[in-house]
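Thanks for coming. I will show the structure first and then go through a few local features of it.

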Amino acid sequence: MRRRPGIGGLQTAAAARDQYRQLGENVAKIRTDLMKEQLTTFRTQLEDFARKHKNDIRKNPAFRSQFHNMCTKVGVDPLASNKGFWAELLGIGDFYYELGVQIVDICLATRPHNGGLINLQELCSLLRQRRKSDREAVSEDDCLRAISKLKVLGNGYEVISIGKRKLVRSVPTELNKDHNEILELAQAKGFVTVVEVERRLSWTTGRAIDAFDTLLDEGLAMIDDGHKDGVRRYWFPCVSSISTPVGADG
Amino acid sequence: MQKLGDFKLPQFFNYPPYFTLQPVRDTREKQIQLWKDLILDYCKTHHIFVIGLEDQDFPLFSNPAIERSLTYEAREAFLSALVAQGRAEWLDKSRRKCLVLWHRIQDWANIVLDFVKDNGLEDSVMTVEEIRTGIESRGTELHGIDRTVLMRALKMLEQKGKLAIFKGTTADDEGVKFSI
């Protein structure tokens, strides 16, 4: 379009701008429509996929985890409700519900030993032992999802990270930063001593003993005066697995 | 899992803090419960009736694999808990020896009654030694039973009129006349 000087030229320019704008809006609309259509197609394809691979999703934890990731990307939450298409198609709602119940059970059963804090790894291991007869394998990812659903029920179940490990908390005990630091130190050998805490964290003896006393009172720690060096050790059942043997130098 | 002979030891036996008497009440109560069960279980499996607190060889008192042993205080605490529960008795005032009743005296009395009926001894006479070690006792829980425990069970039955105890021909043996 050739620009012409003068009012006529301005009017032409305005008309041109209008047309461009309209074109732009159309393109935007086409893009949105296209996206919506793509999304719907994607959702349908996801549903088809789920139908076809129902068994794999049920049986294979790695596959299941990937499937969940895909769902998240598309904005679908198969666990959002126990009813509806996804729950009925996959029965996955039941799977996680059942897992949740078993997890609560295990946490209650181990609470006398570990004070209500359990290593995620150990929890999964105990879960798998329980479900040996079931055809559906269980991964740590599954555990975490089940626990996040438990949270919704307000049971006080939470996953906390201490150092390299994840711990599942099933009691309302609040751990402060000092407690967390001790737990993290304890992960190396399953126990710590007062001197170790003083040295590694640069705490006073008083601060260390205070923290230990709270952890003892909460049932998260146990004392051990039996080592031949006579130094008291504080053991934390939640960072070691009761099923793995403790070394003699402990 | 660690074993003592054929006996399967529970997981807690390998966890060092369980060998130290815990100061926090709730934790200590759980600890005591675990040890009580272990002691009863072990004694029942091995037919042990008497535990000497100073006995260094009693396998439950120490675990060499983790280099831990129960202090005297801990041993006394666990056995006292069993006594309080009626599953053990101190044999001396200084609490150095403990009689473990992995069967209560009442249960032993019933076992004696079953033994008598099973062997058709309803009107017979037997010596206490025969009840303990005779042929008929082989294969039953009565075989090798601690004499003190057996006498207590027999006396309980005597009070119920099921039998009569009398002194035997030798100074150190007694006999029983059943009248069941």
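**A buried loop residue, and what follows**

A:Val138 is buried, its relative accessible area being 5%. Buried here means under 20% relative accessible area, exposed over 50%, and partly exposed in between, with a 1.4 Å probe and protein chains only. Before going on, the conventions: this is a predicted model, local features need pLDDT of at least 70, side-chain atom pairs count only at pLDDT 80 or more, and totals for chains, interfaces and linings use all residues. Residues are numbered from 1 along each chain as its sequence is written, chains are lettered from A and ligands numbered from 1 in the order in which they are written, and side-chain values use heavy atoms, with hydrogens and water left out.

Back to A:Val138. The residue sits in the loop between helix H6 (120-130) and helix H7 (140-152) of chain A. Helices (H or I, at least four residues) and strands (E, at least two) are DSSP runs, numbered from the N terminus. What does A:Val138 contact, leaving aside its neighbours within four places in sequence? The list is A:Pro61, A:Arg64, A:Phe95, A:Leu99, A:Leu127, A:Arg128, A:Arg131 and A:Cys143. Contact means heavy atoms within 4.5 Å. For a distance, take A:Leu175: it is 37 residues from A:Val138 along the chain, and the C-alpha atoms are separated by 29 Å.

Chain A as a whole has 10 helices and 6 strands. Of its 250 residues, 40% count as buried. Among contacts in chain A with a separation of 6 or more, 55% come from residues 24 or more positions apart.

**Helix packing in chain A**

Two packed helices are described by the angle between their axes and the distance between the axes. Helix H1 (residues 7-52) of chain A packs with helix H3 (residues 61-74) of chain A at an angle of about 160°, and their axes are 11 Å apart. Axes are lines fitted to C-alpha atoms, for helices over the stretch in contact, and angles run from 0 to 180 degrees between N-to-C directions. H1(A) and H3(A) are therefore roughly antiparallel to each other. The classes are: under 35 degrees roughly parallel, over 145 roughly antiparallel, 65 to 115 roughly perpendicular, and the rest oblique.

On the H1(A) side, the contact uses A:Phe42, A:Arg43, A:Leu46, A:Phe49 and A:Ala50; on the H3(A) side, A:Phe63, A:Phe67, A:Met70, A:Cys71 and A:Val74. These residues divide into 9 nonpolar, no polar and 1 charged. Ala, Val, Leu, Ile, Met, Phe, Trp, Tyr, Cys and Pro count as nonpolar, Asp, Glu, Lys and Arg as charged, and the others, Gly among them, as polar.

Is A:Phe63 buried or partly exposed? A:Phe63 counts as partly exposed, at 25% relative accessibility. Not counting residues up to four places away in sequence, A:Phe63 touches A:Phe49, A:His53, A:Asp56 and A:Ile57.

**Helix packing in chain B**

In chain B, helix H3 (residues 105-118) and helix H5 (residues 147-159) pack at an angle of about 75°, with axes 8 Å apart. H3(B) and H5(B) are therefore roughly perpendicular to each other. Residues making the contact include B:Trp108 and B:Val112 of H3(B), and B:Leu150 and B:Leu154 of H5(B). The contact of H3(B) with H5(B) divides into 11 nonpolar, 1 polar and 1 charged.

**Aromatic pairs**

How many aromatic pairs are there over all chains? The count is 16. Rings of Phe, Tyr and Trp (its six-membered ring) pair if their centres lie within 6.5 Å; planes under 30 degrees apart count as stacked, over 60 as edge-to-face and the rest as tilted.

A:Phe191 and A:Trp235 form a tilted pair, 4.8 Å centre to centre with 45° between the planes. The two are 44 residues apart, A:Phe191 in strand S4 (residues 191-192) and A:Trp235 in strand S6 (residues 233-235) of chain A. A:Phe191 counts as buried at 4% relative accessibility, and A:Trp235 at 1%.

A:Phe212 and A:Tyr234 form a stacked pair, 3.9 Å centre to centre with 10° between the planes. A:Phe212 lies in helix H10 (residues 205-217) and A:Tyr234 in strand S6 of chain A, so the pair ties together parts 22 residues apart in sequence. Both A:Phe212 and A:Tyr234 are buried.
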